[in-house]
Amino acid sequence: PAAIHRADYRPPEWLVPDVELDFDLAAERTRVGARLTVQRNGDHDAPLRLDGEGLKLIEVKVDGKPAEHLHAQDALTIPIVGDEAVVETLVEIAPGANTQLMGLYESGGILCTQCEAEGFRRITFFPDRPDVLSRYRVRMHADKILYPILLANGDPVAHGDEEGGRHWAEWTDPFPKPCYLFALVAGDLVANQDSFITRSGRTVALGIWVREGDIGKTGHAMESLKAAMAWDERVYGREYDLAMFNIVAVADFNFGAMENKGLNIFNSRYVLADPDTATDADYDAVAGVVAHEYFHNWSGNRVTCRDWFQLSLKEGFTVFRDQQFSADLGSAAVKRIDDVRALRAAQFPEDAGPLAHPVRPDSYIEISNFYTATVYNKGAELIRMMHSLLGAEKFRAGTDLYFDRHDGTAATCEDFAKALEDASGIDLARFRRWYSQAGTPRVRASLTHHAGEGRARLVLEQTVPATPGQPRKAPVPIPLKIALFDELTGQKYTDRLVLLEEKRQDLLFEGIGGRPILSINRDFSAPVIIETDRKVDDLAFLSARDDNPFARYEAMQQLMLETLVTAVSTGSADHKPVIEAIRQTLTNPAMDPAFIAESVLLPTEAFVGDHMLVVDPDAIHAAREKLRSDIGDELESQWRAAYASSSANRFEYSPAAKGARRLRTVALGYLMAADAEGAPAMALMQFENADNMTDRQGALGNLVNSDTTERQTALGAFYERYQENPLVLDKWFTVQALSMREDTVDKVAALARHPDFLLANPNRVRSLVGAFTANQRAFHHRSGRGYRFLGDMILTIDPLNPQTAARLIPALGRWRRFDETRGQMMKAELERIIATPNLSRDAFEQATKSLG
Ligand code: HT7
Ligand code: ZN
């Protein structure tokens, strides 16, 4: 398959200002009539070329008459005389047979659509590119019993009954939009209905549509939606623009959710939540995703992307906005810790491996492969850095200008930077390198102190590593929040934002009498790797006394990481500094339990692996377990006290109650790791007495690592209780895939043969296979059985759902990071995948690039 290059962008040859669609809906066969008003764009005589994939063409007319056309290779070409015409097509599709979940498909009896990025071409012939914006009028006809609810973008205009037990509805969307934002839903659904009054006084009808049994689980999503609408008005001055906003939950979905104009379609896991079935993390994810999709109404829909290379224009910015929203709603420090953890777990390895690409990529074979942590999460970090550089006020002036300038158009990342520049007067010329260069910059920071002169000197040096296709890099501007503390008094000498623009910069600090301790990249002000020569005592100091909570967390993590890396590479390490730092944190009454819970957690095995030259999964596991057990043992009474003090009464979804639940399960984890007396019984008691999923899953997640009867009891009881609830059953698969036991690789293979393991459901696949690939020790089992299992899964899923299959491939692409034997076995799986006939474009691109 051929690659598409950013440099080849040309404006569309034909525009389509108006679209009328007529759907005769049924699962086995749907007829789609399209009436497009087309306009020649520019001075050329090219025919009209429409994309179309898997469509059975029935009829083509131009200006009302049957027309000459060529239907070949996923395109329909129609010669047009003159500069304007009305083109009509009639096609047939089979939503019930659509297992790719792109275009129009069926999920649990509901007909729904997914068009981003290129799904609309699987519904009708159209120029399927984001810079063709059209006004849509949509009429749907369907059986009234099977599909009593008919929804589409925009606002409803009319509906009525038809012969044969059928009915129809018509919707219109006045805002021009690209076809990737088109949506319709037909199904037997009920709604949680509410309303929101915008700041200009318009009433918006809100609906969250689900299957009847799920209506009781929609309250949190509705509250989150209203909070997001108010937040976007307050923080960005953005008001909702239609009279209606609907969200529909479906069980089969390739991604988290989709921001279709006025009709968001969601993976049900980001809508449904009640205390019995959703954890606190699930509640937070629902709020975050509901807000994210809602925020797209401006950052993505009103201003969309010119081409798919600009994807981060809407995704990076919208992730930043949802991160800000969640930080405002709960604990900002814990939110930042979570976001940085996610970045380091997914994006840093991507940036360091064969699939590394810039935030604004230069080429792709299949765009679905570029919905990556780089485009989303690193993209959000770029926006955050510009926010820091401009300050909140100028940043807001910049986004106002961006929305004003580009409203109703398809824009570029360059347009965004230019608007910020024009509104603030701040030059972002060099900053643009962040968009074009892949790789995580490294910053080496060396602090020297000249006590006699009362002066300290900080030397900062940056390097941006080579990545595929980019051997040489220019320095990027790196905003670093820095503070210096007096070692003895704890007094803060200075606290400032430093902009490292050159390859190397020297900074002088005056009035530094006592030895200073460096706190750097506070709040994670830049997505870089910092290298310092700070000693254990300095890290311990910062973990206890830094006034920036993120920096405190970071110092503790660094201390733990260095201890683990030493243990793995030398066979032993002194655990005392980590244990003492945890003791200090645990016993500090001023600290928020939610923050304590996050900072006393050890870095994951995978994160430790990312800091080794050659990853040794077994040695890392052994070292981490030893440290965990020592921490549990040495601080047993503190863990017992923390456990007791955070024992909740009745379930409440509040920051304080959430923090207590988190700490409780973390404390239980350490007691289990230390084999403390009665710990499995405590865990089983927590499991059985829990009035919420956070405590229940927390207990199960701990028991599942153990070799106890309590483990079997809890796993069996969990299955019995929740086997009818797909989202909770996903958790049952996930906890087992994440188990730290030696036999996990075989247990996972057995679970893949369980009758409830459904290959057609992406959530279920991710719950078992996706989770398994994140379990370093199990996936990289020395036998190679983990690799073989993953290869088999990828090849089984690819013919059904290429996107889901392709997203599993990057785990094999890390072959260079492991020893020769493991590396060869991983490569062999990639080669087996590539050699498979009829492989999808999605899997082909991921596998060939991963092979490097
Ligand atoms: N903008 C949405 C992207 C999306 C998607 C992409 C590829 C395949 C399926 C998909 N479903 C949704 C999601 C978002 O970022 O809001
Ligand atoms: Zn998004």
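## Burial, domains and ligand shell in a predicted model

Val464 is buried because 22 other C-beta atoms lie within 10 Å; a residue counts as buried with 20 or more other C-beta atoms within 10 Å of its own, as exposed with 12 or fewer, and as partly exposed in between, the C-beta atoms being placed from the backbone. This is a predicted model, in which local features need pLDDT of at least 70, side-chain atom pairs count only at pLDDT 80 or more, and totals for chains, interfaces and linings use all residues. Residues are numbered from 1 along each chain as its sequence is written, while chains are lettered from A and ligands numbered from 1 in the order in which they are written.

Val464 belongs to the loop between strand S26 (455-463) and strand S27 (478-486); helices (H or I, at least four residues) and strands (E, at least two) are DSSP runs, numbered from the N terminus. Apart from neighbours within four places in sequence, Val464 is in contact with Gln437, Gly439, Pro441, Lys473 and Val476, where contact requires C-beta atoms, placed from the backbone, within 7 Å.

Two further residues are located in helices. Lys314, in helix H3 (residues 311-329), counts as buried because it has 25 C-beta neighbours inside 10 Å. Leaving out residues up to four places away in sequence, Lys314 touches His296, Ser299, Gly300, Thr304 and Cys305. Gln558 lies in helix H10 (residues 549-570) and counts as partly exposed, because it has 19 C-beta neighbours inside 10 Å.

| Residue pair | Separation in sequence | C-alpha to C-alpha distance |
|---|---|---|
| Val464 and Ala72 | 392 residues | 45 Å |
| Lys314 and Ala411 | 97 residues | 9.6 Å |
| Gln558 and Gln505 | 53 residues | 24 Å |

The largest nonpolar core has 248 residues, of which Met140, Val185, Val248, Ile265 and Val271 touch the most other members. Such a core is a set of buried Ala, Val, Leu, Ile, Met, Phe, Trp, Tyr and Cys residues joined through C-beta atoms within 7 Å. In soluble globular proteins, nonpolar side chains tend to be buried together. Beyond four places in sequence, the contacts of Ile265 are Cys112, Gln114, Ala183, Val185, Val248, Val250, Ala257, Met258 and Asn260.

Around ligand 1 there are 15 residues, and Glu116, Asn254, Phe255, Met258 and Tyr371 come nearest; a residue is near a molecule if its C-beta atom, placed from the backbone, lies within 6 Å of it. At least two residues of this shell come from each of strand S20 (257-258) and helix H2 (280-295). By type, the shell comprises 5 nonpolar, 6 polar and 4 charged residues; Ala, Val, Leu, Ile, Met, Phe, Trp, Tyr, Cys and Pro count as nonpolar, Asp, Glu, Lys and Arg as charged, and the others, Gly among them, as polar.

The protein is divided into domain 1 (1-188), domain 2 (189-297), domain 3 (303-436), domain 4 (442-526) and domain 5 (723-852), with bounds from an automatic or database domain assignment. Between the C-alpha centres of domain 1 and domain 5 the distance is 35 Å. Their contact takes 4 residues from domain 1 and 6 residues from domain 5.

In an unreviewed entry, UniProt lists "domain: Aminopeptidase N-like N-terminal" at residues 93-181. That span, residues 93-181, is 0% helix and 51% strand, with end C-alpha atoms 19 Å apart.

Note on methods. Two residues are in contact if their C-beta atoms, placed from the backbone, lie within 7 Å. UniProt positions are given in the numbering used here, feature names are shortened, and annotations may be inferred rather than shown by experiment.
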